[in-house]
Amino acid sequence: MPRLLVTGGAGFIGSNFVHYWLRRHPDDRLVVLDALTYAGNLANLEPVKHNPQYRFVHGNICDQALVEKLLVEEQLDTLVHFAAESHVDRSITGPDAFIETNIVGTHSLLKAAKNIWLDTRRQEHRFHHVSTDEVYGSLGPHDPAFTEETPYAPNSPYAASKAASDHLVRAYHHTYGLQVTTSNCSNNYGPYHFPEKLIPLVITNILQGKPIPIYGDGLNIRDWLYVEDHCRGIELVLQQGRVGETYNIGGNNEWTNIDIVKLICDIMDELRPRSTRSAELITFIKDRPGHDRRYAIDAEKTMTELGYQPLGSFETGIRKTITWYLENEAWWKSIMEGSYLEWIEKQYSISDPTAK
Ligand code: NAD
Ligand code: DAU
């Protein structure tokens, strides 16, 4: 029976993973460690707060002593590492936090795991590192999708910090024998997605009648995956993945930003009609510096080796997601205060909407 430490479990994917895991493995022990940064939200974990198998610990992954204490006291044998600074735009305006959490923090977790699982106790264990397709850089329109063999070419401070953490995880396996796996996933969407990211930003801006900001020409491409499919992919890697290997997880679902925004506008007009069409809110603004043009994941290895398959269509997933935001107004409205407003002001109001 695995006993899990889930870092970053109060964030978007981490909280979806907690719900997914406790639903599928109700007898497993699951401890969440989260610093509750602006992106961490205890409301995401509200549905499990009375589950006796679950414990929340408010703390930082850079605190090696705390992590070691938890590994011992809870007899944990599996670490699923989601905690990160995750927003590319914030990494452009303030990269320091990305270096601290994504690189120093991951290294601190690796040291704690090595100390307890290899040096002190020598027990069966697994350190699973959750990473991103952004480490592979940007694709041209006709390039083949990223495989696990694609050379790393990170372009933003966020992507570079994730690439550095991937390398540290790999090194702790090769040098010390830590039992690691890494998954590199494409863009996720679904419930609890923090509204600084494109899809929830578009939905919540439409609901508030605010402009929908699209960077550059809107023709950048992302490969979107429903968050539960990502959780299933991680579950398969934990259960059947070979130690020391990396696995790509993706949706085989490439969309230009403008097409995805138009689709959301159409669904919003159907589900929550307004006096004017939502698409009229679309506003092209100055591009993101160093904006990667296209991401696409080739998940063949994960599919053939582990039997991974994304379930359901994008149209179903995006409808479910929009419906979730319509039904959980209190959740996103409580975020629309304080530091979120400051970020939106800084990111969107200062930039000249007509500059390209
Ligand atoms: P998120 O920003 O929604 O959540 C991050 C969580 O980590 C928050 O709860 C935050 O409080 C916590 N955290 C941040 N710094 C911490 C620290 N120093 N100590 C402890 N907790 C800390 O992120 P997300 O979108 O859920 O992404 C989770 C992971 O998945 C990240 O590692 C990210 O790189 C990766 N990933 C994300 C996507 C995506 O589309 N969102 C795709 C592929 C991979
Ligand atoms: O590919 C995986 C990555 O996906 C994860 O590693 C990151 O943690 C996650 O944030 C996401 O990164 P992106 O930069 O692709 O996601 P974001 O939602 O910020 O942007 C998606 C696309 O939409 C991107 O091309 C930029 C564009 N965009 C984004 C925002 C916030 C806009 O056009 N306007 C916006 O206001």
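Q: At its relative accessibility, does Arg122 count as buried or exposed?
A: In this predicted model, the relative accessibility of Arg122 is 65%. The cut-off for an exposed residue is over 50%. Because 65% passes that cut-off, Arg122 counts as exposed.

Q: Where is the place of Arg122?
A: Arg122 is not a glycine, and its phi is positive, near 45 degrees. Most residues other than glycine have a negative phi. As for its setting, Arg122 belongs to the loop between α4 (96–120) and β5.

Q: What does Leu36 count as at its relative accessibility: buried, partly exposed or exposed?
A: Leu36 has a positive phi as well, about 50 degrees, although it is not a glycine. Its place is in the loop between β2 (29–34) and β3 (54–58). Buried requires under 20% and exposed over 50%. The relative accessibility of Leu36 is 26%, so this residue counts as partly exposed.

Q: What is the relative accessible area of Asn248?
A: Asn248 is found in strand β11, residues 246–249. Beyond its neighbours within four places in sequence, Asn248 is in contact with residues including Tyr136, Phe146, Asn184, Ile297 and Thr302. Asn248 is classed as buried because its relative accessible area is 0%.

Q: Which element gives the largest share of the shell around ligand 1?
A: Ligand 1 is surrounded by 28 residues, the closest being Ile13, Asp34, Ser86, Tyr158 and Lys162. By class, the shell has 13 nonpolar, 13 polar and two charged residues. At least two shell residues come from each of α1 (12–24), β5 (126–132) and α5 (157–176). The largest share, three residues, comes from β5.

Q: What share of the accessible area of ligand 2 on its own does the protein cover?
A: Polar side-chain atoms of His291 and Arg222 lie beside oxygen atoms of ligand 2, at 2.7 Å for His291 and 2.8 Å for Arg222. The side chain of Asn257 has an N or O atom 2.9 Å from a ligand 2 oxygen. Of the 680 Å² that ligand 2 has on its own, the protein covers 95%.

Q: Which element gives the most to the shell around ligand 2?
A: There are 25 residues around ligand 2, and Asp133, Tyr158, Arg288, His291 and Tyr348 come nearest. At least two shell residues are supplied by each of α3 (88–93), α6 (198–207) and β8 (212–215). With three residues, the element that gives the most is β8.

Q: How many charged residues does the shell around ligand 2 have?
A: Asp, Glu, Lys and Arg count as charged. Ten residues of the shell around ligand 2 are nonpolar and eight are polar. The number of charged residues in this shell is seven.

Terms used: Residues numbered from 1 in each chain as written. Chains lettered and ligands numbered in written order. Predicted model: local features only at pLDDT ≥ 70, side-chain atom pairs only at ≥ 80, totals over all residues. Heavy atoms only, no water. Near = heavy atom within 4 Å. Polar contact = N/O pair within 3.5 Å; in protein donor to acceptor, adjacent residues only side chain to side chain. Areas by Shrake-Rupley, 256 points an atom, 1.4 Å probe, with all protein chains shown as cover. Helix = DSSP H or I, 4+ residues; strand = E, 2+ residues; numbered from the N terminus. Buried < 20%, exposed > 50% of the residue type's maximum accessible area, 1.4 Å probe, protein only. Contact = heavy atoms within 4.5 Å.
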